[in-house]
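Dear colleague,

My notes on what was found in it follow.

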Amino acid sequence: MTVPPPATRPAAGPGPAESPADTAALRRAALRGGIVGNFVDQLHIFLPLTALAPALPALVGDDAVAGTAALAITATLLGRPLGAVVFGRLADRAGRTRVTQAAIAGTAACTAAIALLPDHRAIGGAAMALVLLLRFAGGMFLAGEYTSAVPLAMEWAKPRRRGLLSGLIMAMAPWAQATVAVSTLILLALLGPSAYAAYGWRCAFGAGALASLAVLLYYRRRVADARPAPAVARERSATRGNPEAQGGPEARCGTEPAAGSVRALVAGAQARAFWQVFALMSGLWLLTNMVVLQLAAALSAHTVGAALPAQAQPLVMAVAAVAQALVMSATGQLSTLLGRRRFFVAAGLLAAAAGPAVYALLAGSRGLLAVCLLAAALQAVTVTAYGPVGAYLAERFPAHQRSVGYGAAYSVSIVIPALYPLWLPPLGVMLGSPTAAVGLVLALGGLLVAGAGALGPALRPAELDAAMARPTVGAGGEAGVQPDPAHASAAGRRGGS
């Protein structure tokens, strides 16, 4: 059955007037939107890092290339945490679908604006300033997109399918990385460096903006909230009116932060969940920066794969990204079979033990095939632990703080790991080897994942049905749980998405 058009389709989630077929169609639409939307979202993250790099001299001038490249990463880094908090709070109040659409539109506008920028010969230093401004704004919108769309998809997913869906969504990052890398290589080969610097990269950015507009149209026509904003608002009010549900003695004394606030997230009722997943994500970001960003830089600088030609770097990273995507697609479902706690503990210990050993072998390898295989193995034993993250972060927060909790834990935790260009070289000097420094960071990242995972709930298969239940308050003030409407409407049925 096709989804009814916006004029007749319910604006928010399943209700009594909807048939099971309507609910199934809305569920499929949200799940597809989460997967494809995250792929396009990740394209916008990798476009400036990969597709723009060969054209930076022509855009901002030779003297500004190094500064622009480094500052563009910093600008995006600063924009993402801010966007996660701002859009997360909006999504928890105004509805995830509406905020997702606004974030997609903003992302498309920022990418299109970069594609249309005049170069430094026309506007001088303003070219560099505009690139940085647009990357900051783009970082905010990108964070707003995954902060809204991923929790929305998880709310629509059936409990025991959330891990599988999460793995597919998270795997879109390496697929996007590989897509941008291969597309850049093809455009450079077809157009040549000078033509690519003149307009080839602009075509890549234009295609990214058009992809976002297509996703925006899809969300406008097909996707609705699983949890209507009024229902979430009632939950927030119920929680605010129930001191025990907000956090115990502090709430009774009037010092507990208001339900739904950022302060409640980091220092109130949700503080334990927030800092636990913050530590877990910090470990994952340490792993990511070492085996993706640092590895790419080491290949370019020939401190890894010293005998390889410079043009081999994109190929190695593309092969590693494909391997990462394939394994990550499976780890989300693996976490459902094992339980989330067991999965993160096992994945963290594997990364801590195998990551440094594989990286040491990779650093000493010279042949292209060996470097490709070891780079693929390195990413498979480390960052594929991201598979269940989309589900897990959504499961750790109640609906009225799900988006802001998800976005803040996911994005704010990136800050210290992303500053590795500042602290990794001194660490290498202290240890006497850059390879030893990377190995130590990989071990630390894995141990953080394992330790933080051990502090979280088990979330075994039988417990997943209640993992995203919404709290209710009885007549006597006793807190309980009630299933999400999307799950309740599908009770007793099997199959579907």
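**Findings**

Thr97 is a residue of helix H4, which covers residues 96–115. The model is a predicted one, and every value in this message is computed from it. With a relative accessible area of 7%, Thr97 falls under the 20% limit and is therefore buried. Apart from neighbours within four places in sequence, Thr97 is in contact with Leu152, Tyr219, Val223, Ala224 and Asp225.

The salt bridges deserve attention next. Side chains of opposite charge can pair when their charged atoms come close. The count of salt bridges in this model comes to seven. One of them joins the side chains of Glu155 and Arg96, at 2.7 Å from N to O. Because Glu155 belongs to helix H6 (residues 126–156) and Arg96 to helix H4, this pair ties together parts that are 59 residues apart in sequence. Both ends are covered: Glu155 is buried, with a relative accessible area of 1%, and Arg96 counts as buried at 4% relative accessibility.

Glu155 also forms a salt bridge with Arg402, and here the closest N and O atoms are 2.8 Å apart. Arg402 lies in helix H19 (residues 402–412) and Glu155 in helix H6, so this second pair ties together parts that are 247 residues apart in sequence. Arg402 is buried, as is Glu155.

A further salt bridge is formed by the side chains of Glu395 and Arg340, at 2.8 Å from N to O. This pair links distant parts of the chain, with Glu395 in helix H18 (residues 389–395) and Arg340 in helix H16 (residues 340–363), 55 residues apart. Glu395 counts as buried at 6% relative accessibility, and Arg340 counts as buried at 0%. Returning to the bridges that share partners, these join Asp92, Arg96, Glu155 and Arg402 into one network.

On helix packing, I would draw your attention to H15 and H17. The axes of helix H15 (residues 312–338) and helix H17 (residues 368–380) come within 8 Å and cross at roughly 35 degrees. The crossing of these two helices, H15 and H17, is right-handed. On the H15 side, the residues that meet H17 include Leu315, Val316, Val319, Ala320, Ala323 and Val327. On the H17 side, the residues that meet H15 include Leu368, Val371, Cys372, Ala375 and Ala376. Gln324 in H15 and Gln379 in H17 are also among the residues at this meeting of helices.

Helix H15 also contains Thr336. Thr336 is buried, with a relative accessible area of 4%. The C-alpha atoms of Thr336 and Arg460 are separated by 6.7 Å, although these residues are 124 residues apart along the chain. Leaving aside neighbours within four places in sequence, Thr336 is in contact with Arg160, Gly163, Pro461 and Leu464.

Finally, which residues make the nonpolar surface patch of about 230 Å²? The patch is made by Leu49, Ile73 and Leu293. Of these, Leu293 lies in helix H14, which covers residues 271–301. Leu293 counts as partly exposed because its relative accessibility is 32%, a value that lies between the limits of 20% and 50%.

With kind regards

Definitions and conventions. Residues are numbered from 1 along each chain as its sequence is written. This is a predicted model: local features need pLDDT of at least 70, side-chain atom pairs count only at pLDDT 80 or more; totals for chains, interfaces and linings use all residues. Side-chain values use heavy atoms; hydrogens and water are left out. Patches are made of residues with over 30% relative accessible area and no salt bridge: like charges are joined within 9 Å, nonpolar side chains (Val, Leu, Ile, Met, Phe, Trp, Tyr) within 5 Å. Accessible areas come from the Shrake-Rupley method with a 1.4 Å probe; for residues, only the protein chains shown count as cover. A salt bridge is a side-chain nitrogen of Lys or Arg within 4 Å of a carboxyl oxygen of Asp or Glu. Helices (H or I, at least four residues) and strands (E, at least two) are DSSP runs, numbered from the N terminus. Buried means under 20% relative accessible area, exposed over 50%, partly exposed in between (1.4 Å probe, protein chains only). Axes are lines fitted to C-alpha atoms, for helices over the stretch in contact, and angles run from 0 to 180 degrees between N-to-C directions. A crossing is left-handed if the near helix is turned anticlockwise from the far one by less than a right angle, and right-handed if clockwise. Contact means heavy atoms within 4.5 Å.
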